[in-house]
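Trainee: I've just opened this one and I'm new to it. Can you walk me through it?
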Amino acid sequence: MEEFINDLVGHVMQNLQLLGPLFGFFLVLLESIVPALPLSVFIALNVGSYGFLFGFFLSYLATCVGCILSYLFFHYIGKKESFQRKFVKRGSKLSHMLKRVEKISFSNLVLIVALPFTPAFLVNIACGIAQIKRKKYYMALFLGKLSIVFFWSFIGKSLLESITDIGVIITVSILLLLMYVLSKLVSKKMKLE
């Protein structure tokens with residue numbers, strides 16, 4: 001019996017090692033949809049568990065997939081005539097706000113996505129319901145999420161220490177500036193404005 005239990009535990013541990021990255025992927029993906037979950041902790045866990053390169057890639061891919069799923073859901077909901085009639089009445093505050101979101105520039109959208117404390121679920125909902133074009137949203141997401149995942153990978157669990165470190169503040173500022181410049185180049189090249 002003891003040998004059976006040892007074999008079972010060994011088998012479960014072996015499978016958990018294989019499922020570990022999937023679990024890390026799922027946690028980050030879920031954070032993009034459920035706002036109460038801490039993205040910073042999940043990215044730090046992935047980077048700590050799988051190393052910087054694989055943890056970064058896993059977290060980046062998961063947050064992009066989660067945001068896209070959320071965006072597509074609200075994009076579909078926003079197109080429904082019943083939703084439009086019930087919530088988006090002409091002249092209403094929501095209608096006015098959605099028009100402003102529709103007109104947001106590509107570079108500003110990239111910066112909003114790239115800011116570390118911007119709630120991703122809110123951006124996904126606003127962009128989906130406002131019917132922002134998929135190409136514009138996807139490109140802004142792919143660029144902006146590079147910055148935010150790098151930020152949380154770099155900062156990790158020591159956020160309070162990092163806020164007071166001038167080197168971290170400079171690094172984050174340079175990263176945001178780089179995202180802005182890159183977004184201008186991509187916007188021009190892909191004609192997103």
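Mentor: Let's start with one residue. Q131 sits in the loop between α6 (120-129) and α7 (134-155). Helices are DSSP runs of H or I with at least four residues, strands are runs of E with at least two, and both are numbered from the N terminus.

Trainee: What is the phi of Q131 near?
Mentor: It is near 65°, a positive value in a residue other than glycine. Most residues other than glycine have a negative phi.

Trainee: Is Q131 buried or exposed, or in between?
Mentor: Q131 is partly exposed, because its relative accessible area is 26%. Buried means under 20% relative accessible area, exposed means over 50%, and partly exposed is in between (1.4 Å probe, protein chains only).

Trainee: Where does this model come from?
Mentor: This is a predicted model, with local features needing pLDDT of at least 70 and side-chain atom pairs counting only at pLDDT 80 or more, while totals for chains, interfaces and linings use all residues. Residues are numbered from 1 along each chain as its sequence is written, and side-chain values use heavy atoms, with hydrogens and water left out.

Trainee: What is the mean pLDDT of the chain?
Mentor: The mean is 78, and 77% of the residues reach 70 or more. pLDDT is the predictor's confidence in each residue, from 0 to 100.

Trainee: Which elements have the lowest and highest mean pLDDT?
Mentor: Helix α8 (residues 159-163) has the lowest, at 58. Helix α2 has the highest, at 87.

Trainee: How many helices and strands are there?
Mentor: The chain has 9 helices and 0 strands.

Trainee: What percentage of the residues is buried?
Mentor: Of the 193 residues in the chain, 39% are buried.

Trainee: And the contacts?
Mentor: Take contacts between residues at least 6 apart in sequence: 78% of them join residues at least 24 apart. Contact means heavy atoms within 4.5 Å.

Trainee: Back to α2. Which residues does S70 touch?
Mentor: S70 is in helix α2 (residues 39-79). It touches S32, I33 and N124, not counting residues up to four places away in sequence. S70 is buried, because its relative accessible area is 7%.

Trainee: What about F57?
Mentor: F57 lies in helix α2 too. At 47% relative accessibility, F57 counts as partly exposed. F57 and V47 are 10 residues apart in sequence, and their C-alpha atoms are 9.2 Å apart.

Trainee: How many disulfides are there?
Mentor: A search of the whole structure finds 0. C64 is in no disulfide, and its nearest cysteine sulfur, that of C67, is 6.9 Å away. A disulfide is a pair of cysteine sulfur atoms within 2.5 Å.

Trainee: New topic, the surface. Which residues form the nonpolar patch?
Mentor: L177, Y180, V181, L182 and L185 form it, with about 440 Å² of accessible area together. Patch residues have over 30% relative accessible area and no salt bridge; like charges are joined within 9 Å, and nonpolar side chains (Val, Leu, Ile, Met, Phe, Trp, Tyr) within 5 Å. A salt bridge is a side-chain nitrogen of Lys or Arg within 4 Å of a carboxyl oxygen of Asp or Glu. Accessible areas come from the Shrake-Rupley method with a 1.4 Å probe; for residues, only the protein chains shown count as cover.

Trainee: Where is L185 found?
Mentor: L185 is in helix α9 (residues 166-190). L185 is exposed, because its relative accessible area is 55%.
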